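Work through the following exercises with the sequence and the structure at hand. Each task is followed by a solution in steps.

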Amino acid sequence: MVKPVIFILIVFFAGQINGFSQQKNIDIDSLMQSAIDRGIVNNPQAVLKHYSYTTYEKTIITDSIANQTNSHSFFTEKVALNNYNEANGFKEEVLGINMAGFKEPRYEVLGITLQSRSFYDEDFVIFNYRYAGPLSKRGLKNYNYQFVGDTIILNRPGFAVSFQPKRPETIPGLEGILYLDAATMALQKVHISINDELLARIEQEYEYIAENEVYLPKSSKLYIEKGESSKRLSLFRGKVSVGTIEKNPVKEAIQGRYLLSTSYNTNFNLSESAALEHSNLAIEVMEDAEEKPESFWEKYRTQGLSQRDLNSFDYLDNVVKTENIERRLAMINNFGIGYYTVDFFDFDLTYPLKFNNYEGLRLGLGGVTNARFSENFRLEGYTAYGFKDKVLKYGFGGGVLLNESHGAWLSLSYSDDLQETGSFNYLTDRRVYSLFEPRLVNITQFFDFKTFRLNQEYQITPKILSEFQFAKTNVLQTQDYSFVLGDDTYSEYDITEATFGVRWSPSSKFMRSEKGTVEIYDGYPKITAQISKGISGLLKGDFDFTRVGAKFFYQVERLNKSTTEFLIEGKMAFGEVPLTHLFHAYPNAPTKETIMQRFSVAGVSSFETMYFGEFFSDRIASLQIKHHLRPFNLGEKFQPEMVFITRYAIGDISNIERHQDVTFGKLNKGFTESGFEINKILFGFGTSLTYRYGANSLPNFADNIAFKFTFNLQL
C-alpha cells in the first residue's frame with residue numbers, strides 16, 4: 001500500500017518552520033527555477049576550486065531500532081578525508097575503518113554509494129538507486145513543488161518547499177522538503193523520503209561558511225528499510241542483503257531489516273592545498289586504516305558507542321568465525337568473476353562445459369593458483385576434450401608479480417587449442433566471464449593452433465589497463481584452405497606476432513586498498529584499442545602484416561529504467577594476412593535451409609542473420625544500437641524486457657584471390673539487420689526475431705529471418 005509520505009513529512013516538520021506563511025500567490029515554479037539557476041553559485045562543486053573536510057560515518061544493520069540491549073547484525077565505522085578540486089572531482093582518503101566481526105575489513109562495502117554528496121547533481125544516488133536531483137536542471141521536469149512556509153535557519157531567513165515526483169509509477173523520484181536561503185536560494189537543510197523498491201529517509205543539515213557565502217553539508221542521517229520488492233539491498237557484492245527474502249549462503253549468519261548510516265563532517269578547509277597524490281582514484285584506503293587505536297576513534301566520534309554497538313563486536317566475531325563467513329564470502333566473490341575456490345586453487349568456471357558444431361560437447365577443467373599458494377607467483381593450466389572431433393586440448397603457464405600497485409604480471413604460457421577463423425580478440429577484454437557463451441554454440445569454422453606466449457599486464461593508471469603480448473604460433477587448418485603468396489602456397493604456417501592492447505574507462509571510478517585496485521563505478525564510455533604486428537623471418541614467422549582494431553561502447557541509463565547501448569568498432573589489416581587472421585562481423589546464423597532449422601541461441605553483439613563464412617574482410621566497421629525498454633511489471637517474479645536492435649556493418653577485402661579452397665563474399669555494399677528481443681520470460685530465457693534488409697538481403701524472404709532464443713543470466 002502506498003503511504004502518504006509527503007503528507008507525513010509536512011506534518012512532522014511543520015513545527016520546525018518558524019513564522020509559517022499563508023501566501024497563496026507565490027509562483028513556485030519561478031521560485032524553484034531561480035534556485036536551480038543559482039546552482040552555479042550555490043553548489044560548492046561549481047563555485048569552489050578546492051575544499052576538504054573530514055567525515056566520521058557509522059553504518060549498522062539491525063532488526064530493531066528501539067531495542068538497545070542486543071547486538072546489530074552489521075556494524076562498521078570509518079573516518080575519511082574528503083578532498084575536492086575542480087580538475088579531478090572528489091577523492092576520499094579512508095584514514096580509519098573499524099568493521100565488527102572481520103579480521104580484515106571487507107573493502108567492497110566502501111565502494112557502495114549509500115547516498116550522493118549533493119542534491120545539485122543531475123542524479124542523486126541512494127544505495128545505488130538513481131533519482132533526479134531536486135535542484136538539478138531536470139528538477140522542474142521531474143518534480144511538482146509546493147510552497148510550505150517561511151523559515152529561520154542558522155539565523156538566516158528562508159523558504160520551505162515540498163516536492164514529489166510527477167510520474168511516480170513511470171519515473172520514481174524523491175519526495176520531501178527543501179529548506180532554501182531566502183537571499184541566495186541555496187540549500188540550508190533537507191528532509192527526503194522514498195517509497196519505491198526501497199523505503200528510505202534522509203535528513204541533511206548544512207553549515208554556512210560566511211567568508212565564501214556557501215553552505216557545506218554538516219551532517220546526514222540515512223535510514224533504509226526493505227520495501228515490498230525482493231530486490232537485494234546488498235553490502236557484499238550481492239551476497240548479504242537488508243531484509244531480503246531471497247536465500248543466500250550467509251543469510252542465517254548476517255541479515256537485518258533496517259540500515260542506518262549517520263555521518264558528521266568537520267574540519268572544513270576551503271584554502272588552496274598541495275596537489276593530491278593518486279588523484280585519479282575515487283577512494284584510497286590508507287596503509288594503516290584498519291589498525292587505528294581507540295584514541296583515534298574517540299577523537300572523531302560525536303558520541304560514544306552504545307551498549308548495543310559494543311555488544312556487536314563479540315557477537316559478530318563469534319558469528320563470522322563459527323559460520324566461516326570470511327571464507328564463504330571469498331568463495332562467492334570469486335564465483336561472481338568466474339572462479340570456484342578450493343584451498344589454494346581457483347577453478348575457472350568457463351572450462352567445464354561447452355558446445356559447438358565442430359567439437360560437439362566439450363568438457364574441460366582448469367584454473368589458476370591464488371594468494372594462498374603465493375602472492376607473487378601463480379601457476380595456471382587447463383585441459384578440455386571434444387567428443388565430436390575426439391581431440392584433447394590443453395594449456396599451461398605461470399606468472400610472476402612485478403609491481404603490485406600497477407597489477408604488473410609477467411606470464412609465460414603454452415596452448416594447444418582451437419580458435420575461430422576471422423576472430424580478433426582484444427587482450428584487455430580477455431577475462432569476460434559467462435557461464436554460457438551464446439554464440440559459441442553455432443560456430444563451425446576453427447583453426448588449430450599451438451602457441452607460446454609471453455605476456456606483460458600493466459595498469460598504467462586505474463582507468464587505463466594495458467597488456468603486451470609476444471607470441472609464436474603454429475597454425476593448422478581444420479577445413480580445406482590454402483593461402484597463396486607469390487609462388488608459395490600455405491595451408492600450415494607459422495605466425496610470429498607482437499601485440500599491444502589498451503582499455504580506457506574515463507568515467508569509471510576506482511578504489512585502491514591493500515587488496516589492489518578495483519572498479520567501484522562502471523562508467524561509460526569504454527574505449528579499447530589494439531595493434532599487432534606479424535614479423536616474417538623472426539622465429540621462422542612466415543608473414544609480415546599489421547592488424548589494428550578499436551571499439552567504443554557507450555550506455556545511456558535513464559531514470560525510467562530504460563537504457564540505450566551503442567557499440568562502434570573498426571578493424572584494419574595490412575600486408576600478408578591469411579584467412580585465419582582476417583576479420584568477420586561476428587556472424588551467428590547456421591547455414592541451414594529453414595527458419596526453424598536455424599533456430600538456435602542469439603548472441604550478445606552478433607549479426608543474427610549473417611551466415612557463418614559468408615563474409616571476410618581486411619577492413620571493416622560496424623555499428624550496433626540496442627534500446628532496452630523499461631521492464632514490464634507483470635508480477636514480482638515476472639518482469640520481461642523488450643529490446644529493439646539495429647546493426648550495420650561495411651567492409652572490403654584486397655587480394656581476395658590469395659584465399660583458395662574457400663568461398664566468401666565482400667561486405668563492400670554494407671549489411672543491415674534490425675529486430676527485437678523479449679528477454680527474461682522464464683528462468684532467464686527469452687526470444688528474438690531479426691530481419692535482414694538492404695544491399696545484401698537475400699532473394700528468398702525466409703532466408704533473411706532469424707528466429708532464436710535468448711539467455712540472460714545474472715548472478
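**Exercise 1.** Determine which residue stands opposite L485 in strand 24.

Solution. L485 stands opposite D488. The strands concerned are strand 23 (residues 482-485) and strand 24, which pair in the antiparallel sense over three bridges. Pairing requires that DSSP find at least two bridges between two strands, and strands are DSSP runs (E, at least two residues) numbered from the N terminus. The model is predicted: local features need pLDDT of at least 70, side-chain atom pairs count only at pLDDT 80 or more, and totals for chains, interfaces and linings use all residues. Residues are numbered from 1 along each chain as its sequence is written, and side-chain values use heavy atoms, with hydrogens and water left out.

**Exercise 2.** Classify the aromatic pair of F424 and Y426, and state whether F424 is buried or exposed.

Solution. Rings of Phe, Tyr and Trp (its six-membered ring) pair if their centres lie within 6.5 Å; planes under 30 degrees apart count as stacked, over 60 as edge-to-face and the rest as tilted. The centres of F424 and Y426 are 5.1 Å apart and the planes stand at 90°, so the pair is edge-to-face. F424 has a relative accessible area of 3% and is buried (under 20%; exposed is over 50%, partly exposed in between, with a 1.4 Å probe and protein chains only). Y426, at 5%, is buried.

How values were computed
Helices (H or I, at least four residues) and strands (E, at least two) are DSSP runs, numbered from the N terminus.
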